[in-house]
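Subject: Structure handover

Hello,

Please find the structure below. My notes on side-chain contacts come after it.

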Amino acid sequence: MYDTSLLYRQIIADEHWFETMVEIAGNVVDQTQIMSVSADYRMFSESQPAVGGCLAGELSVSLLAPSFTIPRMAFVEPFVRVTDGTQYSEWIPQGKFYIDTRETTNNDDDLPILSLHCYDAMLKTEADYPSTTHTWPYADTDVVQEIASTIGVGVDVRTWDLMTNGYEISLPAGYSMREVLSNIAGMYAGNWIMNYDGELLLVAVNGIPPETNYLVDNIGDAITFGGDRILV
């Protein structure tokens, strides 16, 4: 969820366009170097609505090969802003990702093009549930917070608004954090995703944000980032 500024809303009310920027391992790559950016965020693991999912977001970036060194599993953050050529809005975050694979090829001008495929922190939940010393069973909200702390992310505050049943979770010995989250998601008829600020978010199937929560232009057409709608 992102609260856009008054300036942002003023710019999109008239002729405007969008600019993209990507930070890779703390280095800014602007649109003069970016060839393409595409983000894939899913609410369901299948074509039909289902519950109990832990869905990783994906990001694909192609850019002119930079001069700086990009470490293995480097942190990647895409941003988008709106401009009319004179005024520029704030940069709106579009997720937090880690590089999974990379490939360098040459374009028609024989310039090296680096292609990165990235995933968000949801993949970190594939590890075993951490060893703990507290007493079990443990409150479902405490289990979620423990998992978030283990993988180094926060929890979207909207998650706590949904998790109000106070389920108790038994010791998840032999289970991965993803399996535990999946079980909790099933209890609340929802799925886990990472929001644009890189926080865990539980989304109930009957509570998926309406289209009015997507960025639209002044005539109501959806604004997209790499072909994907921008949720605010």
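The notes cover salt bridges, then aromatic pairs, then cysteines.

This is a predicted model, in which local features need pLDDT of at least 70 and side-chain atom pairs count only at pLDDT 80 or more, while totals for chains, interfaces and linings use all residues. Residues are numbered from 1 along each chain as its sequence is written, and side-chain values use heavy atoms, with hydrogens and water left out.

Salt bridges

Side chains of opposite charge can pair when their charged atoms come close. The criterion here is a side-chain nitrogen of Lys or Arg within 4 Å of a carboxyl oxygen of Asp or Glu. Searching the whole structure gives three salt bridges.

One of them joins E19 to R81, with 3.0 Å between the closest N and O atoms. This pair links distant parts of the chain, 62 residues apart: E19 lies in strand β1 (residues 17–24) and R81 in strand β5 (residues 75–83). Helices (H or I, at least four residues) and strands (E, at least two) are DSSP runs, numbered from the N terminus. E19 counts as buried because its relative accessible area is 12%, and R81 is also buried, at 19%. For these labels, buried means under 20% relative accessible area, exposed over 50%, and partly exposed in between (1.4 Å probe, protein chains only).

E126 and R178 form another salt bridge, the closest N and O atoms being 2.7 Å apart. Here, too, distant parts of the chain are linked: E126 sits in the loop between β8 (112–120) and β9 (138–139), R178 in helix α4 (residues 177–187), and 52 residues separate them. E126 has 46% relative accessibility, so it counts as partly exposed.

R158 pairs with D156, again with closest N and O atoms 2.7 Å apart. R158 is partly exposed at 25%, whereas D156 is buried at 4%.

Aromatic pairs

The structure holds four aromatic pairs (rings of Phe, Tyr and Trp, the last by its six-membered ring, with centres within 6.5 Å; planes under 30 degrees apart are stacked, over 60 edge-to-face, the rest tilted). Among them, F75 and Y98 are tilted, at 5.3 Å centre to centre and 40° between the planes. F75 belongs to strand β5 and Y98 to strand β7 (residues 97–106), 23 residues apart. F75 is partly exposed, with a relative accessible area of 29%. Ring pairs also link Y129, W136 and Y138 into a cluster.

Cysteines

How many disulfides are there? With a disulfide taken as a pair of cysteine sulfur atoms within 2.5 Å, the count is zero. C54 is buried at 4% relative accessibility, and C118 is buried at 0%.

Regards
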